[in-house]
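This report looks at aromatic rings, charges over rings and ligand contacts. Please have the model open while reading.

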Amino acid sequence: MLLKDKVAVVTGGTRGIGRAIVMMLVREGAHVAFTYLKSSSDAEALVKEAAESGGKIKAFQMDVRDFEKAKELIEKVKEEFGKLDILVNNAGITKDKALMMMAKVDWQDVIDTNLGGLFNLTRNAIVTFLKQKSGNIVNISSVSGIIGLSRQTNYAASKAGIIGFTKALAREVGAYNIRVNAVAPGFIETDMVATLKEEYKAEIKKRIPLERFGSAEDVAAAVKFLLSEKAAYITGQTLVVDGGMAIL
Ligand code: NDP
C-alpha cells in the first residue's frame, strides 16, 4: 500500500475519473473524504463499495464554487479524520460551444467550477499544509489546456490556468515540503465524453497514437504515482495521460 493512513480530499468523486481516484486511494490504504454536487445515490453507492474494501470514507455534498463551503469542508475533514495530507482537485465541467455562440454564463460556469473551485479548495487546504510542513496536491487539468481543442475556449482557458496555478504554487510552497502537480488526461471514457457525437469521437480517435480512449483507471494510476513517495522529487509538473494525443 502506497498511501497507508493518509487522509485525502477528492472533489467530484461520484463519477468517472474522480470515482476511480477515490477507489485507488482506498485500495492504497488512504482514508477519503470526497465531494459531489448532485449525485447523492452515486455517492451512497461509492461509500458502500469503498467501505466494503475496508476504507474509511465519507461523502460531502458541496459546490466547489462556494469558498465558505470549501472552508467548512476542510475543517470538517480535519475534525472527523484527525488530519489532512492530500488534496485532489478533480471536479470539473464542460460547456462546449464555438466562441461566437458562447454565452457569458457558459464561460463563467466553466471558469468558476474548474478554476474557482480549485482556488477555493486549495486556498483553504494550504493553510493546514503550511502549518504542518507537509502536503500533496494533484490537480486534474486536460490536454485541452495544453494544445487547445476547438469549441472549448472556456474549458481550455480553465485547464491551462490549472497548469499555471500548479507551477506557481509548487514554487511557492516547495520549501514547506508540499508538492503540487497536475495530471492532464486526454479523452477518457466517462459521462463527460459520452455526450460527444459519434462522428467527432471517431475523428478524435484517429489523432490518438494508441488508437483508443483512456479509462478512468489510467488517470488514477498517474495520480497514484504523483501522490506516492515514488514521486518524492517531482513538483510543479503536468503528467499527460492521453495515449500520445498531445505529443509536442
Ligand atoms: P464527470 O462529468 O464524469 O464527473 C464530474 C464530477 O465533478 C462529478 O462527481 C460531479 O458531481 C462533480 N462536479 C461537477 N461540478 C461540481 C461542482 N460545482 N461542485 C462539486 N462537484 C462538482 O467528469 P470526468 O470524470 O470526466 O472528469 C473529471 C475531471 O477530469 C474534470 O476536471 C475534467 O475536466 C477532467 N478531464 C476529463 C476528461 C475526460 O475525457 N473525461 C479529459 C480531460 C480532463 P455530480 O456527480 O454530483 O454531478
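## Aromatic pairs

Three aromatic pairs are counted in this predicted model. Rings of Phe, Tyr and Trp (its six-membered ring) pair if their centres lie within 6.5 Å; planes under 30 degrees apart count as stacked, over 60 as edge-to-face and the rest as tilted. F67 and F119 make a stacked pair, with 6.0 Å centre to centre and 25 degrees between the planes. This pair links distant parts of the chain: F67 sits in helix α3 (residues 67-81) and F119 in helix α4 (residues 104-132), 52 residues apart. Helices (H or I, at least four residues) and strands (E, at least two) are DSSP runs, numbered from the N terminus.

F67 is partly exposed at 28% relative accessible area. F119 is partly exposed too, at 40%. Buried means under 20% relative accessible area, exposed over 50%, and partly exposed in between (1.4 Å probe, protein chains only).

F187 and Y200 form an edge-to-face pair, because their planes stand at 70 degrees, with centres 6.4 Å apart. This pair also links distant parts of the chain, 13 residues apart: F187 is in the loop between β6 (178-185) and α7 (191-194), and Y200 is in helix α8 (residues 198-205). F187 is buried at 10% relative accessibility, whereas Y200 is partly exposed at 34%. Ring pairs join F187, Y200 and F213 into a cluster.

## Charges over rings

A charge sits over a ring if NZ of Lys or CZ of Arg is within 6 Å of the ring centre and within 35 degrees of the ring normal. K56 lies over the face of F81, 4.6 Å from the ring centre. K205 lies over F213, at 4.7 Å from the ring centre. F213 also belongs to the ring cluster.

## Ligand

The ligand is surrounded by 32 residues, and the closest are T14, K38, S39, Y155 and T190. A residue counts as near if one of its heavy atoms lies within 4 Å.

| Protein atom | Ligand atom | Distance |
|---|---|---|
| D63, side-chain N or O | nitrogen | 2.9 Å |
| N90, backbone N or O | oxygen | 2.7 Å |
| T190, side-chain N or O | oxygen | 2.5 Å |

The protein covers 95% of the 900 Å² of accessible area that the ligand has on its own. Accessible areas come from the Shrake-Rupley method with a 1.4 Å probe.

## Basis

Residues are numbered from 1 along each chain as its sequence is written, and side-chain values use heavy atoms, leaving out hydrogens and water. In this predicted model, local features need pLDDT of at least 70 and side-chain atom pairs count only at pLDDT 80 or more, while totals for chains, interfaces and linings use all residues.

Methods. Polar contact = N/O pair within 3.5 Å; in protein donor to acceptor, adjacent residues only side chain to side chain.
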